[in-house]
Amino acid sequence: MSTPPTNPATGPAESLDTDRLPAHEDPGPQTVTLAAVPLTRGSLPRHAARLVLLGAVGLGAALFAAGLGATWGAVLAAVAYTVVIYLWSRSVEGTRRAFDRFVTAVVSSAFLVALVPLASVVWTVVDRGLARFDTEFFSYSMRGVVGEGGGVNHAIFGTLIITALAALISVPVGMLTAIYLVEYGRGALARAITFFVDVMTGIPSIVAGLFAYALFELFYGPGVRMGFMGSVALSILMIPIVVRSTEEMLKLVPNELREASYALAVPKWRTIVKVVLPTAIAGIATGVTLAIARVIGETAPLLITVGITTSDNFDPFDGRMATLSVFSFSQYATPGIPREAYFDRAWSAALLLILIVMVLNLGARLISRLFAPKTRG
Amino acid sequence: MPSTTEKTPRRGTVQRPGDRVFAGASTGAGITILAILAGVAAFLVIEAWPALWASDEEMPDGEGLVLYVWPLLFGTLISATFALLIATPFAVAIALFISHYAPRRVAVTLGYLIDLLAAVPSIIFGLWGAAELAPLTVEPTQWLADNLGFIPLFEGPASATGRTMLVASMVLAVMILPITTAVVREAFLQTPRLHEEASLALGATRWEMIRMAVLPFGRSAIIGGAMLGLGRALGETMAVAIVLSGSAGVTFNIIGSGNPSSIAANIALRFPESSGLDINVLIASGLVLFAVTLFVNMGARAVINRRRDFSGAN
């Protein structure tokens, strides 16, 4: 951080102010056209931004207290902050610095705006979902239930069975493909696989469901529904995620480890199994957990391959099963009487689903923290 | 990168059976993935085949496949396009905030917060859009219809329930925000440090540094990330299925109560009750969706990979 030179023309009294630049701001040189123009121009006091922000928030709070909606209060506060800081900075620091402050305000507000949906979604689901978060909800199925009561016991098991089967299919295929890409893959085949794994990431989930249906219809005839079809559809969505994350982790394994192993005449496959995979296992487990979290909430493919049922069915090879996501959708889309009972169940199932996903996400973080290979000692 | 430094075994190395099995298994897994993708295309074509050759009278609405799919394709494209228009500026701003504005200590956590949006299941976004967001938009859309009705998009009459194309697009925008942000953020973080420091040293303000060093470097990532988001939005099912009550045909009016449904939502809503040729028709529409998303995603990957080749950051 350089100190702006003291200009004799402006005198030491003014240069004191220019010395106090905000710590994160670089003193930009200003256009100098005449010798008489001071080399440095003024800058806002160090806490200018914070003061204006405080004022703007105060204004927003005052408007909110005066009966305006919270949304409008926040919007007006943001606009007020942007305008005030821009005009103030423009009068003191010039247009370039003023525009810089303007962009800072806009970018920061954009970030805050993006957090609103996240907060709103979580708040809505928790608020409405708690209505039916009781023991009956977890221990009963919907068999014979009309109106109030009933639970999601059958859907919880359906979700767990179908997702576990999907993981059972995707993890070996995904991991072996990643091993191929990192350890063996050369040339056109490896490039093609890399490219199509990327493309596969973008397959719409409903298309994966249609594929599973088309595949099973050939063997079982039209109208077939079974849990395993859902697992196949989910594994189409899951495989590319597993490949991608495993590949990233295997690439992080230092080559020295492989070379040391080869130097001891260890065969390549044993090197991979005993050296490379154990080193990367924490990252791979994290990736697999995140992949499970990604597919456990899928609705569309399960809706058209597994369907929905009201009673327990724990056999994934025989007929319809219930899953949490489809349960939530069907309760919401085709409510009976009283409607509130159906909506409450839909929101409670959604809350349970979001809890499962969040726990899986946190679990993934924990795995990567706890089982990360020690770099020293 | 292992591929550049790893020594390939010299010729004459003993090939143990274990090696052969392992190499075969992993190569086989790779080929399986290619086979699955080819299988997806092949089975969809097989199942869609009867619908492609059926006469117009046999169609669900008796007008032929093209006229059946077109309004749905239009609904898909228009919802995804508006989602893209809403999400991309936010994604760029958020990526900039995380990479260049936020204090470094909290930047990772903030990025994680945005990634959490991607973890929320789509059904929950759908429920949220229909129950929370839709009622909020009733008054603003009424205002739009009254005051800006001369623009075809806001022609009105505004929907009384708020379950409009606008809300569907907003929900889709929230859903594609994380993936676009992630791609753009990665590119911004890779901006060569020397470029940034050079422009700061020449006296640029932070915004001028971003405009001259960061944005040109990340331009293709912005395009690629936006296209990836577009691919997501095109195929997103539940949010549209829950928010929209798709009924009307092609219309640009995004705040009315009659909206075209999207391909994916139409499949999800009709498939459970369909049988016979209707199934084939739905699968044919799914094939169209598959082709469109495949095209968009391949384009996006090509743009992103081209940047990787020429970025000079590696």
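Helix H9 of chain A passes helix H11 of chain A in a right-handed crossing, a crossing being right-handed if the near helix is turned clockwise from the far one by less than a right angle, and left-handed if anticlockwise. The model is predicted, with local features requiring pLDDT of at least 70 and side-chain atom pairs counting only at pLDDT 80 or more, whereas totals for chains, interfaces and linings use all residues. Residues are numbered from 1 along each chain as its sequence is written, and chains are lettered from A, with ligands numbered from 1, in the order in which they are written.

H9(A) comprises residues 227-252 and H11(A) residues 268-296; helices are DSSP runs (H or I, at least four residues) numbered from the N terminus, as are strands (E, at least two). The two axes come within 8 Å and cross at roughly 150°. H9(A) is therefore roughly antiparallel to H11(A), a term applied to angles over 145 degrees. Axes are lines fitted to C-alpha atoms, for helices over the stretch in contact, and angles run from 0 to 180 degrees between N-to-C directions. Residues meeting in this pair include Leu234(A), Ile241(A) and Met249(A) of H9(A), and Val276(A), Gly283(A) and Ala291(A) of H11(A); contact requires C-beta atoms, placed from the backbone, within 7 Å. By class, this contact has 15 nonpolar, 4 polar and 1 charged residues, where Ala, Val, Leu, Ile, Met, Phe, Trp, Tyr, Cys and Pro count as nonpolar, Asp, Glu, Lys and Arg as charged, and the others, Gly among them, as polar.

H11(A) also meets H2(B), with axes that come within 7 Å and cross at roughly 65°. H11(A) is therefore roughly perpendicular to H2(B), the term covering 65 to 115 degrees. Lys268(A), Trp269(A), Arg270(A) and Ile272(A) of H11(A) meet Gly18(B), Asp19(B) and Phe22(B) of H2(B). This contact has 3 nonpolar, 1 polar and 3 charged residues.

The contact between the chains takes 76 residues from chain B and 78 residues from chain A. Helix H2 (residues 17-53) gives the most to the chain B side, with 19 residues. That side divides into 53 nonpolar, 16 polar and 7 charged residues.

Chain B itself has 11 helices and 0 strands, and its C-alpha trace spans about 65 × 60 × 30 Å along its principal axes. Of its 314 residues, 50% are buried (20 or more other C-beta atoms within 10 Å of the residue's own). Among contacts in chain B with a separation of 6 or more, 80% join residues 24 or more positions apart.

Note on methods. Buried ≥ 20, exposed ≤ 12 C-beta atoms within 10 Å, placed from the backbone. Contact = placed C-beta atoms within 7 Å. Parallel < 35°, antiparallel > 145°, perpendicular 65-115°, else oblique.
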